Structures are given as structure tokens and as C-alpha cells.
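Hi,

Here is the structure I promised to pass on. Have a look at it first, and then read my notes below.

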Amino acid sequence: MPNLKSYAGPTSKLVVAFDIGTTYSGISYCFLERGRVPEVLGVTRFPGQAAVGGDAKVPSLLYYDRTGNIKAAGAEVLTEGVLEAALTEEWTRVEWWKLHLRPKYLASSINPGNDLPPLPPGKSAVDVLTDFIKYLLHCAKTYIQDHHFAFTWSTFEDSIEYIFTHPNGWEGVQQQLYRRAIERAGLIPHTPEGRSRVHMLTDNEAALHFCVPNLSAEIADQALQGVVIIDAGGGTIDLSMYSMTCNPIFCEEIAPAECLLQGSVFVTRMARALLEKKLEGSEHPRPNEFRQGTKLIIETDQDPTSLRVDRRRSNNPKYNIAFGKLKLMGAEATGPFNDSIDAIISAFEQQQKSATIPITTAFLVGGLSINDWLWSRLQSYFKEKNINICRPDIHINKAVANGAVLSHVDREHHMIASRTTRATYGIIHAVRVQANNEEHVRREKKWERDPTGNRYVPGYFESKLRKGAHVREEMEFRESFSLTERNTGDFGLQTVRLVCYRGSLSDPKWVDQDQSAFSPFCTIRVDLSEAANDLVLKKTAGRAYYQLDYDVIMLFGLTELQAYLGWKSKDGERRVAATVTFD
């Protein structure tokens, strides 16, 4: 835990962080009381959990009945009574549903077809997310009230700060979907004030806040060092690299973040295929996956592992089954993990090519990181590169939720000063034809004329921010416009459409150079009506008009894109917030 200062805010607050994972989810919280040092706490009891062993996290599972009503969620899904009712009443079990929210550009990492369990009939991924957020809110409210007798939820309800974490690869579209579900779940009202109490953060930034206090004194004394956070979770494995100085802690992202669809559910999928192959032709029951306990104890490719597949009296030498257990050779048992491990190493090496300083420390967090085989292979890999690797030993699977709270509580220190863009962003428009420009001549068949007879070449991509750029939080990007109207009342909504490029070209100029790599990113809408009130009537050659020169101001360096309308008035520049809608 970092050395937090006493809270000096004007009013007491409650901060609650939700880490909604593909397989497991966690909740952490903190009371901010004037004059007291904040303490990050975790929700460690959930309904039905005692019956299945208890944990600091809860399964991201739900059951729906045939009419679409939610019947059970979390640990209750695994209790005997619910399992019996689900079988009798034909409920639909929903798992891995978070991956249905994944960005389109990550979709190619999942084979087409039925690799992901389907959503219930008539339910979207946002519907399921909404229901699960309602469940988690109920769990948080119940736990906090039960453990803090002087606390009254209604006292804090209208001022609670909520933090939601998400994988590196989740972008504006996913953040928008999360916010929609959060409002539908009733956490906040549908107002600007309500929305301002919800904060988005990547899993890795949250984990960084959790991991930094675990640095050894020897490492912390170094003037400058490179740190990589590897969050091996249920659905995704995320890697983020930072340069870091200590005393005070100051971090800058030094390479584009990586997001891999290689989490523990894909280990599970590989294990299912392995077990099906091993038991092919037999009448023995097929276990669906490695049990959680089995995943954790596999630590070497030299020793065999046993997995229960039948009754204790069952023996079948042909299939290597003794006393109801299938014996797997070491390499067989570790095989399902190897794709994920290889993907981590490959992504790390890719990031290193962009990193501006060498990496000296690696932090491994997330549920899959508890597996000793994954740990031992990565430990060997990083040791060869003289890189220290650390696996924080206190509730490693709560690193994200706890870190998310710390990021909000310790905002005064502003640990992360800059971020690195993962793609190139810009605007597509037409440019006026230049007869001596080879690129223009090459596209002569595409030329267009406007009503005045001027010729234009469509499809020009004007980059505003290139992939790999280091962007500070306060850094502004402006697009300038000028508009004339006869009346001030004619100034209304204007839009700017940002486009994203994810291809291999370092400086794309034309869409037709790599058309499939371009995709819509967002639409920024600005309302010019307020700015029009500052205008003065102009007259030129007997023509009276109003002219508004304005900027659309974009901030890419925050955890969420922000945009503003800016214009000059007699008192200096004025600004109002723009509306950002992701495509």
C-alpha cells in the first residue's frame, strides 16, 4: 500500500471499483473521511459463496429462465440447489459473455462459429452486463452495510464515485456500452452530474497502481527503469510498458499497449479439445475443462497430472484411467497453456521494439498468473534477459480492483503522466486537385466537381495522431473551422468524424492505400448556438453576415476521449463540452 495522505476533501465519500472479468469479478472500495488516511478494502463475501469455497472474487456467471428473467448470478450459479433447478426448469447458463463486447478488430482472434457460448435468446451483451452490474451493486451494498455499522448507504448514494476497469483493447465503443449499462443498472442518474461520477480505467493502469508499492527497495532506488505489467486474466492477456521514476512515482507509457484474446478461457478450450481426444471412443464422461484446482497445480512439463473423469472404482488401462482418474503426461497437461505463454512472449518482444528504455521489472497479475507452469516459463524467459519478474502475493486476483481504487484515492500524485496511442487517428476529406501532384493525377478517375466547378480528390486521410505517439493528459489537438450565416439563429449542430487506421503503414495519406485497415472511430458533435451569441454583424460589399471561427478541441491523453468546442470572445477563449459518440 502506498503512503497515502489523510483525506482533505470537503465532504465524506465512498469510492467503489468494479473489475468485471470474463470468468471472475471483484469489488473493492474505500471511505474518504476528512482527516483520515484512506484504506482500500475488498468485498470478500458473496451470496452462495460459502457453499462453493469462498474467494475474493465471484464467478461472472448468470442463469436466465425461458422468459429472460435472471434467476441466479455469481457463486449462486454453482450451488447444488440452483444447478438442480436449472436442469429441471431449463434455465440458460451464461458464461464468457463479456467477450461478446470485444472490439471488431479483435474478433479475428476468435474463430468464426460457435467458439463463444451464445447469449440467451433476446438478450444482448449489454443486457447481460446491466444485469450483472445490478448483481454486483447489490453485493457491494450488502457487504459494506454489514461490515460498517455506522454507514448508511442512502447518505452516500448520490455522491458515490464508481470506477470500472476494462481490458487494454476495449476502446470508446466499449466504454460507451459500459456507461449505458451502468445507467440502466441504476447506479447513477441520466444527467451530466451523474455521469461525471463514473470513471473508466484499463486493467493494466489499475494494476500498475497496485504493483508499484511491491517494488523492492533496491529496484525503487534506481533513477529510471522500465516496467511491464502483464495481466493474464480470464478472457484477455494485456501488456503495458512504462518508464518509471520513484520518489515521487512518475510513470509514462512507452509502447502501444497490447491486448490478446489468450486468457484462461482459451486454456479451457484447449483443455476440452485435449480431453475429448484422449477419451475418444470411450464411454467415460467428458469433463468440460480443467478444474480450477487442476489449473493451479500444473507446474512442470515433466510430472504427470491426474484429472477425475469417472467414479473411483473405474479403471481402464487403455485410456490410462485408474481409480476414476485420467492420467496426463506432463507435456500433455501443460500443452493448453503454451499458446497463451507464447503469445505473452511474442507481445512483449513486439512492445520492446517501440519502448524507449529497456525493461527492468515485470509484474504478473490476474487469475491465470497463479498457474505455476505459466509462472515458471515466464520466470525463465525474463531471467535470461536479466529482467526481474514479480508476482504480488497478496490477493493477486484483486490487483485490478484494489489498484482502481488507489488510482482514484491517490489522484493528487497523478502517477501516469502520458499514454501511448495504439492506432492512428485522423479525418477523411477531399482535397483540391493539383495538376502537378502525382498522387492526385493517379486518382484522376475519382475526381469530383463542386457546384462552382472546382475539382477535388476524395479519400485523403489527414492524420491527427499517429500510432505510438506519446500523449500527455493535458495535450490538446485542434481542428479549426470557419462558418458564415445570415442570422445567429442559423448556427446549430456541426459534426466531426474521426477515423481510425490500424494497418502497417507508418504515415497513410489515402484511404485506397489500405482501405480495409480504416474504420470509423467516433463522431464529435458541437452546438454552435452559444458561440453565436458572441458574434458581431459583418458587412462586406453590401452583404451582411455573421462569421464564426471555432475549434474542435480533442484530448486523447486521458482514459476516455474528451472533446470541446472552443471559440474566441471579447473575454478570451470560451469552451463548452462536445458530445462524443462512438461508432
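What volume does the largest cavity have? It comes to about 510 Å³. Before you go further, keep in mind that this is a predicted model.

The cavity first. If you count cavities of 30 Å³ or more, you get 1. The lining of the largest cavity is made up of 27 residues, and the closest to its centre are Arg 422, Tyr 425, Phe 556, Leu 558 and Thr 559.

Now for a sheet. In general, the strands of a sheet pair through backbone hydrogen bonds, and they can do that in a parallel or an antiparallel way. Here you'll find an open sheet of 3 strands with antiparallel pairing, in the order S14-S16-S15.

Zoom in on S15 and strand S16 (residues 325–328): the two pair in the antiparallel sense over 2 bridges. In one of the pairings, Ile 321 has Leu 326 in S16 as its bridge partner. Helix H8 (residues 264–278) packs on this sheet and touches S14 and S16. The direction of H8 makes about 105° with that of S16.

Key
Residues numbered from 1 in each chain as written. Predicted model: local features only at pLDDT ≥ 70, side-chain atom pairs only at ≥ 80, totals over all residues. Heavy atoms only, no water. 1 Å grid on protein atoms, 1.4 Å probe; cavity = no way out; pocket = protein on both sides within 12 Å on 5 of 7 lines; lining within 4 Å. Points joined across faces, edges and corners; volume = space filled by probe spheres on them. Pairing = 2+ DSSP bridges. Helix = DSSP H or I, 4+ residues; strand = E, 2+ residues; numbered from the N terminus. Contact = heavy atoms within 4.5 Å. Axes fitted to C-alpha atoms, helices over the stretch in contact; angles between N-to-C directions.
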